[in-house]
Amino acid sequence: MRIVRRGALFGGLLAASALLAIPAAAADVTVTDAGGRNVLITDASRILSIGGDLTEIVYALGAQGRLVAVDTTSQFPPEALKEKASVGYLRALSTEGVISVGATLIIASERAGPPEVIKTLKTTSVPYVEVPDPYSPQGIAGKVRLVGRALNLDAEAEKLVAQIEGDFKELASQAARIKRPLKAMFVLGVQSGRITVAGQGTAADAIIQLAGATNVAGAVIGYKPLTEEGTIELAPEVIIIMRRTSSNDAHDTAELLALKGVQSTPAGAAKRTIMMDALYLLGFGPRAPRAARELMVKFYPELAGERTEPHKSLTK
């Protein structure tokens, strides 16, 4: 049966189109998930999505009518948390809380936890599809295809992948025009007068590179606190800070710039900081090309007018 969708991917589908998608949810499919498990899905009519990027993908595929619950990182589109039941934070799940929503399919980030809960959930009668979360354009395409296969929406998934790949291709074209990459640093937070920075293997490191800059903490593995001397030695020209929903942006910036180590860097001396929403910047879902492009323009304002708008279906 051909699935009919109308309207923007994130803009909400017409009721008739949502109903047309339901019969496809009943078709049996088998997927190989991030853990190498072959998972048989016989009913994808009631989905629990654990991971903000996965929830975005479900909406982008037009299957939001099947969603019965999400986790608290599912903050885009905003209606996800407002309209769907919540099972809590993806790293602090409870077996009872997950089972209670009555899902017939669970799609979850490989970063979901705690491990003992995930181990138990994989043994229940509800299919549990663990989705890999690599920080790359290819990784995003893989996630979209896996979710699309699990929901029996392969054609929709390929259309979305084509849009995402097109945006990344244009992003790379813009990055190629950058003559001297900026030296950037991503600060996860400030605690006891020390900053914690993002090194290789992190979403922050990947997004910095996609945006055409160099991560000065690239020799660091994962996230690591730095001493004052270490901060000065890295000498970032721009510092990226996360915007959190519960934080005071001005206070966070002031606290960072008050540190002597930061003040002694080119970024600190020029008070050059960039603050962006954490889930938007680091989520690596369908909006990742847009997030990287936005960061690139903040790095290099001269590139602001050199590109057409991203696909509207990915920006609403």
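Modeller: On a 1 Å grid over the protein atoms alone, a cavity is a set of points where a 1.4 Å probe fits but cannot get out. Its volume is the space filled by probe spheres set on the points, which are joined across faces, edges and corners. This is a predicted model, in which local features need pLDDT of at least 70 and side-chain atom pairs count only at pLDDT 80 or more, while totals for chains, interfaces and linings use all residues. Residues are numbered from 1 along each chain as its sequence is written, and side-chain values use heavy atoms, with hydrogens and water left out.

Colleague: How many cavities of 30 Å³ or more are found in the whole structure, and what makes a residue part of a lining?

Modeller: The search finds one, and the largest cavity has a volume of about 40 Å³. A lining residue has an atom within 4 Å of a point; among those lining the largest cavity are Asp53, Glu56, Tyr280 and Arg287. Helix 2 and helix 13 (278-282) each give two or more residues to this lining; helices are DSSP runs of H or I with at least four residues, strands are runs of E with at least two, and both are numbered from the N terminus.

Colleague: What makes a space a pocket, and what is the volume of the largest pocket?

Modeller: A pocket is an open set with protein on both sides within 12 Å along at least five of seven lines. The largest pocket holds about 880 Å³ of space. Of its 31 lining residues, Thr73, Tyr89, Ala278, Leu279 and Leu282 are the closest to the centre. Helix 13 provides the largest share of the lining, four residues.

Colleague: Why are strand 3 and strand 4 said to pair?

Modeller: Pairing requires that DSSP find at least two bridges between two strands. Strand 3 (residues 47-50) and strand 4 (residues 67-70) have three bridges, in the parallel sense, and therefore they pair. Ser49 stands opposite Val70 in strand 4. The chain crosses from strand 3 through helix 2 (residues 52-60) to strand 4 in a right-handed β-α-β crossover: with the strands pointing away from the viewer, the path from the first strand over the helix to the second runs clockwise.
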